[in-house]
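Could you walk me through this model, step by step?

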Amino acid sequence: MHHSVCRLKSGRFSIALAISGAFASGIALNLTSPSSALAQPLPAPASAQVPQLATIVVTPARTPEPLSQTLGDNSVMTRETLDTLPNGTLSDALIREHSIEGVNLGGPQTVSTINIRGTNSNQSLVLIDGVRVNNATNGLPPLNAIPLNSIERIEIVRGTSSSLYGADAIGGVVNIITRSDTDRPFSAYANAGVGTYATTQYDAGFSGAKDGWSYSLFGGYGQSAGFNATQRSNYYQNPDNDSYYRSNIGGSLGYTWKPGQTLTLQTYQSKVNGSYDAGAPYFGDRGIQTLSNNILTSRNVISSFWTSTLRAGFSTDLYKTINVDATQNFYNTPDGKQHFKTNQSQYVWQNDLTFSPTQIVSLAYERLEQSVDGALVDNISPGLVNYQQTSRFTNSLLAIYRGTWGAQSVQASVRNDNNSQFGNVTTGSLSYGLELTPRWKASIGANTGFRAPNFNELYWPVTPSFMGNPLLQPERSQNVEAGLKYTTDNTQLGLTLYRNNIDNLILNEPSIPGDFYSPYTPMNIDRALITGITLTGSQKLGRNTLIKGSFDWSNPRNANTGELLPQRAQRVLKMAVDQNLGKAKLSGELFVTSQRRDALTNDTLGGFGLMNLVGSYPLTENTDIQVRWNNIFAKQYTLVQGYATPGSNVFVNLALKM
């Protein structure tokens with residue numbers, strides 16, 4: 001994985017590279033462990049909560065629909081929820097959700113990954129405003145380069161979704177909707193906060209609409225002295241604090257030149273500069289992640305029956321490392337500079353045909369163009385990467401049907417992806433829902449998916465520790481699930497059962513069978529079976545108290561050996577209590593996880609429990625003071641052997657809205 005290639009010393013992988021390589025290459029279908037943030041349960045249908053407009057989502061069927069009418073286990077994280085994490089990361093936010101786990105290697109500036117329903121980190125697809133950002137070098141999204149201040153909401157679809165979004169959507173899809181143009185008058189916000197580890201964070205933005213024009217602009221800057229990312233057991237420990245600096249800017253401009261005819265330009269630019277531990281001598285190693293995402297969309301209502309959407313998206317993900325003090329670099333490499341870059345261009349033409357308010361067909365064509373570039377510098381192979389191939393493209397056709405007849409509803413989709421490397425791959429999905437009573441709703445569904453091997457897995461050059469395999473074939477997935485939901489004005493309950501079978505699993509094995517000192521290489525040799533049960537719920541007690549939570553039980557195993565897959569907890573409990581105390585709001589969060597097995601050392605990592613407190617109070621009509629206290633009992637715990645986790649930490653934020 002390119003985030004950790006910078007730790008390649010003396011011809012061997014560091015723990016960080018091996019762990020992140022497990023995420024990228026599927027070592028034992030590595031699943032990561034959750035951290036201290038809490039999950040939010042599946043939101044109830046708006047009609048069952050308060051008499052307001054329904055929550056509208058676009059990700060589950062690629063067209064707008066009320067969340068309460070979607071089929072499957074889908075949810076939304078709103079801006080209100082994200083505001084409770086004033087200095088949090090995208091990974092912090094996502095792991096509040098049920099069936100999502102995450103890990104990072106020692107702070108927000110380091111490798112961060114998430115896993116949905118026990119699948120590998122590169123088996124879930126992340127989008128920004130509908131455009132994929134999983135890079136092509138290691139298959140992972142740049143979570144550490146997407147700050148929360150830039151996000152309006154996050155839509156989450158759990159379960160295999162390749163028939164909607166193509167490759168990599170085996171575990172699910174996360175669609176990050178940035179703060180964009182609105183149809184309301186001018187509004188603005190600003191935040192300023194300080195916290196533990198000499199952390200500061202500032203962000204601001206505004207949006208509005210007038211005379212057919214809509215606009216938004218947002219930006220932020222934060223920095224921290226950080227904590228020591230590694231433990232003494234880590235071979236590459238450097239006993240210093242690992243600082244970071246992060247910044248972002250983005251916005252949108254839209255113009256409705258005629259009713260139903262809108263042209264919109266969106267841009268998003270983000271950068272995080274963080275130090276990492278590379279061992280003695282203690283020179284200043286820094287990794288710099290830069291993300292650029294630009295989208296042009298034309299939405300045209302041709303008639304009451306036909307809506308056409310044309311979209312062109314362009315993204316660049318660049319990760320590079322530098323040695324600030326090259327004079328201490330005893331490997332005598334040219335300043336330790338190395339980089340990995342992915343350019344992606346995505347073109348979409350989607351046509352939504354509304355036969356009636358309850359019968360909708362969507363037909364779409366997509367083209368995805370990917371190109372990569374890299375340069376790895378170490379003491380053995382200076383200037384080494386030179387992928388055998390540096391580009392590929394995929395042409396896709398898809399059709400989606402969504403229909404409702406009284407208490408019954410159906411969603412079906414089929415998609416063909418013609419990949420320049422792997423040929424045609426066809427995936428499909430069929431889901432059925434039934435309202436048993438006004439309060440009870442059941443659903444059942446089946447879908448197939450695939451993941452295309454990334455360029456590191458295919459073309460990584462021969463090194464003493466690792467080599468690519470250009471003969472790899474895509475991983476294939478068959479997922480079935482069933483759900484039951486109960487909703488009243490004060491109560492929400494959800495039950496989901498799922499079974500995901502993954503064939504052609506890519507695992508790292510010795511390139512010379514039986515010779516464990518030979519370079520490891522990825523191979524299609526295994527199969528994984530992931531089964532699980534998820535319970536979610538919330539209960540209102542009076543007007544001022546809300547109790548919510550989730551429990552996930554999963555059984556992720558190597559289907560060939562029967563062994564539990566490493567680096568994951570089989571049982572995860574997340575609970576929260578929200579309490580209104582006059583004008584003040586107070587929340588308590590509890591996170592409990594069972595033990596896990598470390599991917600590299602095979603050691604057992606103990607289970608643990610964490611508690612957080614969150615509070616806010618309005619100083620004026622437009623100004624709030626917010627306080628978040630994470631890990632209030634200073635629990636010491638390990639997510640990845642050799643890497644540190646934050647201790648008890650506090651962040652205080654002043655929020656202004658107008």
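This is a predicted model: local features need pLDDT of at least 70, side-chain atom pairs count only at pLDDT 80 or more; totals for chains, interfaces and linings use all residues.

Residues are numbered from 1 along each chain as its sequence is written, and side-chain values use heavy atoms, with hydrogens and water left out.

Let's begin with the sheet. Five strands form an open sheet in the order 3-8-9-6-7, and their pairing is mixed. Strands here are DSSP runs (E, at least two residues), numbered from the N terminus, and two of them pair if DSSP finds at least two bridges between them. At the edges are strand 3 (74-77) and strand 7 (131-132), each pairing on one side only. Strand 8 (residues 151-158) and strand 9 (residues 172-178) run antiparallel and are joined by seven bridges. You can find Ile151 opposite Thr178 in strand 9.

Now to the aromatic rings. A pair of rings is described by the distance of the centres and the angle of the planes. Rings of Phe, Tyr and Trp (its six-membered ring) pair if their centres lie within 6.5 Å; planes under 30 degrees apart count as stacked, over 60 as edge-to-face and the rest as tilted. The structure holds 14 aromatic pairs. One of them is edge-to-face: Phe305 and Phe355, at 5.1 Å centre to centre with 75 degrees between the planes. This pair links distant parts of the chain, 50 residues apart, with Phe305 in the loop between strand 15 (285-301) and strand 16 (306-323) and Phe355 in strand 17 (residues 338-356). Phe305 is partly exposed at 34% relative accessible area, while Phe355 counts as exposed at 54%. For these words, buried means under 20% relative accessible area, exposed over 50%, and partly exposed in between (1.4 Å probe, protein chains only).

Elsewhere, ring pairs link Phe186, Phe206 and Tyr215 into a cluster. Arginines also sit over rings: Arg179 lies over the face of Tyr189, 3.9 Å from the ring centre, and Arg367 over the face of Phe393, at 4.5 Å. The criterion is NZ of Lys or CZ of Arg within 6 Å of the ring centre and within 35 degrees of the ring normal.

Our last stop is Leu310, found in strand 16 and partly exposed at 44%.

Methods. Helices (H or I, at least four residues) and strands (E, at least two) are DSSP runs, numbered from the N terminus.
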